[in-house]
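Please look over the sequence and the structure shown below before reading on. The report that follows moves from whole chains to single residues.

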Amino acid sequence: MDNQPRLTLHIPEPPARPGDHPDFGGMKLPKAGETARPDVDAAEPTMRDMPFGMIRVLDDGHHAVGPWDPHLDVDILHRGLRAMMLTRAFDDRLFRAHRQGKTSFYMKSTGEEAIAVAQSLMLGARDMCFPTYRVVGWLMARNYPLLDLVNQIFSNAGDPLRGRQLPILYSARDYGFYSISGNLGSRFGHAVGWAMASAYKGDDRIALAYVGEGTTAEGGFHEAITFASVYRAPVILCVTNNQWAISSFSGIAGANETTFAAKALAYGIPGLRVDGNDFLAVWAATQWAAERARLNLGATLIELFTYRASGHSTADDPAKYRPADEALQWPLGDPIERLKGHLIALGEWDDERHAALQSALEDEVRAAVRAGEAIGTLGKSKPELASMFEDVFKQPDWRVIEQRREMGV
Amino acid sequence: MPVMNMVQALNNALDEKLGGDPNVLIFGEDVGYFGGVFRVTDGLQAKHGLTRCFDTPIAEGGIIATAIGMGAYGLRPVVEIQFADYILPAFDQLVSEAARLRYRSNGEFWAPLTVRTPYGGGIFGGQTHSQSPEAIFTHVVGLKTVVPSNPYDAKGLLIAAIEDDDPVIILEPKRIYNGPFDGHHDRPLKTWAGHPKAEVPEGLYRVPLGKAAVVREGRDITVLAYGTMVHVALAGIEEAGVDAELLDLRSLVPLDIEAIVASVRKTGRCVILHEASRFGGFGGELSALVQERCFDHLKAPIERVAGWDTPYPHAFEWDYFPGPARLVAALRRAMEY
């Protein structure tokens with residue numbers, strides 16, 4: 001016993017805090033095109049190296065290279081760029097609206113736009129996404145009306161969710177977008193169940209679900225993958241690893257020990273690790289997993305490696321817990337700049353058109369916000385008060401009927 | 001004497017316990033370097049060290065489970081669940097494990113953990129940042145449930161909870177972290193400055209678990225409240241112009257039944273006020289106890305004023321929140337019965 005070392009409790013810490021220089025030195029990134037592409041119907045044991053590579057298509061010169069190049073039509077690239085830029089313009093404008101007191105809360109997806117946009121465009125209209133609060137790009141890619149988003153954010157009389165939810169916790173069934181809750185990871189299993197139902201009914205629809213890397217610690221994450229694996233559910237399970245869960249770096253979720261894609265290994269499903277700031281790579285990996293699911297070969301776990309360039313929400317200042325310039329130093333760049341660079345390299349885009357599009361999208365967002373403001377910002381306009389008592393159950397019971405009367409509505 | 005808001009008072013309690021007892025440690029989501037989303041653990045990691053106050057994975061069940069294991073080893077873990085709305089993944093650990101470990105092991109093992117969690121509405125938090133889940137804990141035998149209403153009590157109750165050998169949940173009313181709130185959301189914000197209960201002594205002191213406070217003495221009607229609602233109750237009593245006695249329960253389990261019975265036997269009337277939805281709420285238990293023990297003294301039916309039986313709606317926060325106007329109506333009904 002005397003020769004034994006004393007035990008010590010290990011608490012991981014990030015490489016850099018405010019005042020330090022951002023440090024991504026420990027990050028080993030394969031080159032674009034370097035990671036192999038298994039056949040879609042390959043057996044899972046043959047691809048157990050995938051969680052430790054990284055699917056990357058766009059190289060530093062903005063060219064698409066390697067086996068994962070999805071060879072997309074230029075039209076798709078343009079639609080993707082537009083939806084990503086719209087997402088960012090919308091986020092910036094509505095974040096400011098919060099600062100101006102027009103609503104109670106907002107969360108941006110800055111730096112992560114490629115993920116939801118590419119996956120939304122890639123999957124079919126009848127497939128279902130089980131979103132987090134940082135994938136409004138899914139709706140932007142499907143031309144969801146901006147005014148409906150604004151009205152939801154203002155909880156006003158035009159709010160499609162009738163004022164029931166915190167801003168940005170949208171629900172849009174017709175757009176393949178499941179209802180968001182503030183709880184973390186609690187819908188990962190819903191996606192698996194939804195996919196199992198599609199299989200049970202003999203349909204061809206698949207599901208896609210998101211969690212952040214922090215949420216992989218929740219039991220709901222592991223329960224969902226277990227069910228997905230056991231029942232070979234046609235579902236794509238995505239971990240958006242944006243490096244930060246509010247103030248906690250990804251090491252608090254286990255990133256110092258292994259990759260998040262590698263969680264798949266223990267469950268016997270494929271685990272892909274993808275450059276989440278590379279529109280083409282996200283598309284290609286999603287397409288691979290979707291084809292596999294539709295072939296009845298079951299679930300895939302995809303780690304989307306990215307960086308949360310904004311704060312967690314309007315309620316935190318990221319400069320309090322990480323270097324203020326860390327986002328600018330992110331080795332995988334900015335997803336919009338990279339797709340823009342690719343289109344320019346293809347000869348299909350230029351700075352002038354980009355600036356014109358940016359300006360047009362800002363106008364579109366401004367018009368939607370003005371229309372929402374005309375209905376009313378938070379508290380200035382409300383849905384009908386009696387609606388507060390509806391939908392607790394399909395048929396109201398005596399309690400809410402009495403209470404509604406007590407309120408006089 | 002130092003003047004503190006509730007966040008500072010809680011921080012001060014944690015600071016004192018970390019400094020005085022090496023078996024106390026703090027963990028939870030964002031509580032380490034960042035100091036917690038409500039700043040309650042601000043500076044504690046820097047002062048006391050990385051292993052005394054650290055961040056956890058996002059896994060409330062894991063937080064409570066490891067706290068129970070540490071408690072069984074002999075530590076006194078104080079964990080934060082970032083919002084009470086997010087405590088439910090830990091419910092099995094609280095109900096089936098923390099609350100019963102002592103009983104089922106015949107006293108061989110126990111779980112002296114303290115769970116701090118901000119609760120309640122009035123901050124436009126929507127249905128996942130506003131709930132008041134006290135009744136689902138008070139129903140569980142083996143759990144203590146505590147709700148401070150001011151900085152002085154917050155510090156004293158937290159110290160008593162940490163020193164308690166059983167699991168204690170402290171529900172922190174986040175609406176009054178930075179100032180008392182009487183339910184009049186359209187009036188200017190108040191801070192704790194100038195409030196007598198914002199004078200918080202340095203050093204260790206305890207507010208015993210299971211002791212209610214008489215906030216206001218009165219002869220005609222008893223009002224039972226806790227947390228934010230203590231301040232709403234004071235406003236409502238003044239506006240109704242009744243000679244009401246206001247009890248701040250402070251601790252729901254253990255409950256100061258003697259103080260409640262003594263007051264209602266004196267006044268003969270009782271109104272219960274809580275923010276949680278009404279049906280199955282803690283007010284139902286209070287109402288039953290008062291009826292059982294004070295029946296011969298009652299001059300009017302017991303009234304409950306509570307949140308509606310709906311989820312907490314974002315747009316209708318102030319229509320849901322049981323403010324002074326609804327208390328005034330209940331006080332008048334009871335007085336005119």
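How much accessible surface does chain B have, and what share of it belongs to carbon and sulfur atoms? In this predicted model, the accessible surface of chain B comes to about 12300 Å², and 52% of that area belongs to carbon and sulfur atoms. For chain A, the corresponding surface is about 17400 Å², with 49% belonging to carbon and sulfur atoms.

## The two chains

Chain A contains 11 helices and seven strands, while chain B contains 12 helices and 12 strands. The radius of gyration of chain B is 19 Å, which is close to the 20 Å that the globule rule gives for 337 residues, so chain B is as compact as a globular protein of that length. For chain A, with its 409 residues, a compact globule would have a radius of gyration near 22 Å, and the value of 22 Å found for chain A agrees with this.

The table sets out some further values for each chain.

| Property | Chain | Value |
|---|---|---|
| Box along the principal axes, C-alpha atoms | Chain A | roughly 70 × 60 × 55 Å |
| Span along the principal axes, C-alpha trace | Chain B | about 60 × 50 × 40 Å |
| Buried residues | Chain A | 57% of 409 residues |
| Buried residues | Chain B | 64% of 337 residues |

The contacts within each chain can be sorted by how far apart the partners lie in sequence. Among contacts in chain A between residues at least 6 apart in sequence, 75% join residues at least 24 apart, and for chain B, counted among contacts between residues at least 6 apart, the share joining residues at least 24 apart is 78%.

## Backbone features

Most residues other than glycine have a negative phi, and most peptide bonds are trans. Against that background, A:Gln243 has a positive phi of about 80° although it is not a glycine. This residue lies in the loop between strand S3 (235–241) and strand S4 (244–245) of chain A. A:Gln243 counts as buried because its relative accessibility is 10%, which is under the 20% cut-off.

In chain B, B:Arg250 likewise is not a glycine and has a positive phi, here of about 65°. B:Arg250 is placed in the loop between strand S9 (244–248) and S10, and it is buried, with a relative accessible area of 10%.

Which form does the peptide bond from B:Val253 to B:Pro254 take, cis or trans? The bond is cis, with omega near -5°. B:Pro254 itself sits in the loop between strand S10 (251–253) and helix H9 (257–267) of chain B.

B:Asp182 belongs to the loop between strand S6 (168–173) and strand S7 (213–216) of chain B. Is B:Asp182 buried or exposed? With a relative accessible area of 16%, B:Asp182 is buried. Its side chain reaches the backbone nitrogen of B:His184 at 2.9 Å. When residues up to four places away in sequence are not counted, B:Asp182 touches B:Arg187, B:Lys190, B:His231, B:Val232, B:Ala235 and B:Pro324.

B:Arg293 is found in helix H10 (residues 282–294) of chain B, and with a relative accessible area of 41% it is partly exposed. Leaving out residues up to four places away in sequence, B:Arg293 touches B:Ile257, B:Val261 and B:Arg265. B:Arg293 and B:Gly307 are 14 residues apart in sequence, and their C-alpha atoms are 26 Å apart in space.

B:Thr66 lies in helix H3 (residues 60–73) of chain B, where it is partly exposed, with a relative accessible area of 42%. A polar atom of the B:Thr66 side chain lies 2.8 Å from the backbone oxygen of B:Gly62. The C-alpha atoms of B:Thr66 and B:Thr222 are separated by 42 Å, and these two residues are 156 residues apart along the chain.

Notes
Residues are numbered from 1 along each chain as its sequence is written. Chains are lettered from A and ligands numbered from 1 in the order in which they are written. Side-chain values use heavy atoms; hydrogens and water are left out. Helices (H or I, at least four residues) and strands (E, at least two) are DSSP runs, numbered from the N terminus. The radius of gyration is taken over C-alpha atoms; the globule rule is 2.2 Å times the number of residues to the power 0.38. Buried means under 20% relative accessible area, exposed over 50%, partly exposed in between (1.4 Å probe, protein chains only). Contact means heavy atoms within 4.5 Å. Accessible areas come from the Shrake-Rupley method with a 1.4 Å probe; for residues, only the protein chains shown count as cover. A polar contact is a pair of N or O atoms within 3.5 Å; within protein, one must be able to donate a hydrogen and the other to accept it, and residues adjacent in sequence count only if both atoms are side-chain atoms.
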